[in-house]
Amino acid sequence: MKKTGINMQTAAELLVKCLIAQKSDVIYGVPGESYLSVLDALYDQKDAINFITTRHEGGAAFMAEAYGKFTGQPGICFVTRGPGATNASIGVHTAMQDSSPMILFIGQIGRDMREREAFQEIDYRAFFGPIAKWVTEIDDPDRIPEIIARAYCTAMSGRPGPVVIALPEDMLREVTEKTVPPAISIAKPSPSAQDIETIQSALQNAKRPLIMVGGGGWDRQGRLDLQQFAESAKIPVICGFRNQDLMDNSSAQYIGDASFGKSDAMKTCIAQSDLILVINQRFGEVVTDGWELFDLPTPTQKIIHTHISPDELGKVYQCDTHINSCPNILVSQLLYCNINCQWAEWMNECRTGYHDARQLPETIGAVNPAQICDALNGLLDNDAIITNGAGNFAIWHSKYLNFNHNRRLIAPQSGAMGAGFPSAIAMKSIHPKRQVICFAGDGDFQMTCNELGTAMQNDLKPVVIIFNNGSYGTIRMHQEGKYANRISGTELQNPNFKDISNAYGFDYQLVTKTSQFITAFQKVSEQGGIIELTIDIRDIAPNKRLG
């Protein structure tokens, strides 16, 4: 259809303008013929929105998820129909489990081809429905402004998460006179005065209180207010799985993260606490040790559970008090509470347990990951961004690196292997001048190492630290625990990482003993590069050895 009126534009052009109006500045994706008209519309908007061409839809989706997690604004991903969409599903699942705002756009078959099993056809609502907050299709170009605005609201409201929108290719070529709406605003639930009084009274009467924090939707001011409140009230704080950057780890109130391999000291603190204020943390499997830390359905400890989404309140545990509130608003109001505490001994006990659990262990191999992480605490910029995928290798830096409000952690709570490297590229696309460090296992890195091409093409090179132990280590650990001396399917014959690094223009350093690391890091820290650590498979985790 031809443009005739002065305000006429193609649906694809209107779509791109709507994204820009909602303050999106980058798109991650793999091009496809199903949305060629969008790519053409982007040609005229290069100064406003950047399209980063990735090597795989899974990598693009991981980048969009990481963007959403870091910025609080939806990360945008474009993929083609069928295989492109299903490849991208891993990023959608990660965004859902990690509470990250994200919008996946899928080029769709023509509207007249539906339900004939057309080339690459898939039922998007059925496929993505269980792992997305909302799945829809735009059939009428006049509805683009409405649906885009709703998509941003849905992705960012309540518990943030992913939205999936299918775009029939014939619809994208049609014309419309609809105008671009302004940027949306998000409603945020607030605690009532009675809610704050309930929290204050409970804390005032507690003898061994704890605060547990996590989830999505936090902003910088919220993190600062959380720390100020905890420090003024002298309450120990536990951060949720891969949420260590919600609280400055150097604070006397921080006592660790509720992750895999919790220390006995942390478990004791949780068991002995008589009041736990849980702020925005959902009661997932990792945080609760498979729902065994607290009795089901009613915990022994008194728990006040606050969450930005009412759907999370009472979902698993029936707590003493449920409060629907945005975490940032809640902690800002808690600052006005006057709490006269007598918890010095309790606080010192909790913090001492945290320090004791962080004592650097000895290793069998010549490369000690704990000592390397300890060295990095002094080498990293204060505002460095750390990313990782999934595997036992991630336990080392999660345990021994120090995080704060500026030094951020971007990591998948979904346990998605391969997420770390694309996430690091996304962080470089947002802050090209900041130090970005990706921790990766040898198996983990090879899930998405093809994105080295994306990093090379766009000059977005983080520092990648590869833990090479020649194994899918986490699975090997469980395998040896359940099927001793019957190793099957978990060994890896790895490529020459130096050759791969050089092929993509990355500097490369090999570390075979701990003393070599500082020099190796200094050589790649400015321009990015790959550091390969040769790790003994027996050093499977801190204070844990295979066999």
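This is a predicted model: local features need pLDDT of at least 70, side-chain atom pairs count only at pLDDT 80 or more; totals for chains, interfaces and linings use all residues.

1. Orientation of the helix pair. Helix 13 covers residues 369-379 and helix 14 covers residues 393-400. Their axes come within 9 Å and cross at roughly 40 degrees. The crossing of the two helices is right-handed.

2. Residues at the helix contact. On the side of helix 13, the contact is made by Pro 369, Ala 370, Cys 373 and Asn 377. Helix 14 contributes Trp 396, His 397 and Tyr 400. By class, five of the residues in this contact are nonpolar and two are polar, with no charged residue.

3. The second largest pocket. This pocket holds about 740 Å³ of space. Its lining consists of 41 residues, and those closest to its centre are Lys 69, Gly 72, Gly 217, Trp 218 and Asp 219. The lining comprises 14 nonpolar, 16 polar and 11 charged residues.

4. Which elements each supply at least two residues of the lining of the second largest pocket? They are helix 3 (57-71), helix 6 (144-156), helix 9 (220-233) and strand 16 (408-410). Helix 3 gives the most, with four residues.

5. Cavities, beginning with the largest. Four cavities of 30 Å³ or more are found when the whole structure is searched. The largest cavity contains about 70 Å³ of space. Its lining is formed by Gln 97, Asp 98, Ser 99, Arg 159, Gly 215, Gly 216, Asn 280, Gln 281, Arg 282, His 307 and Gln 413. In this lining eight residues are polar and three are charged, and no residue is nonpolar.

6. The second largest cavity. About 40 Å³ of space lies here. The residues lining the second largest cavity are Lys 428, Arg 434, Gln 435, Val 436, Lys 461, Pro 462, Val 463, Ser 525, Glu 526 and Gly 528. Three of them are nonpolar, three are polar and four are charged.

Definitions and conventions
Residues are numbered from 1 along each chain as its sequence is written. Side-chain values use heavy atoms; hydrogens and water are left out. Axes are lines fitted to C-alpha atoms, for helices over the stretch in contact, and angles run from 0 to 180 degrees between N-to-C directions. A crossing is left-handed if the near helix is turned anticlockwise from the far one by less than a right angle, and right-handed if clockwise. Contact means heavy atoms within 4.5 Å. Ala, Val, Leu, Ile, Met, Phe, Trp, Tyr, Cys and Pro count as nonpolar, Asp, Glu, Lys and Arg as charged, and the others, Gly among them, as polar. On a 1 Å grid over the protein atoms alone, a cavity is a set of points where a 1.4 Å probe fits but cannot get out, and a pocket is an open set with protein on both sides within 12 Å along at least five of seven lines; lining residues have an atom within 4 Å of a point. Grid points are joined across faces, edges and corners, and a volume is the space filled by probe spheres set on the points.
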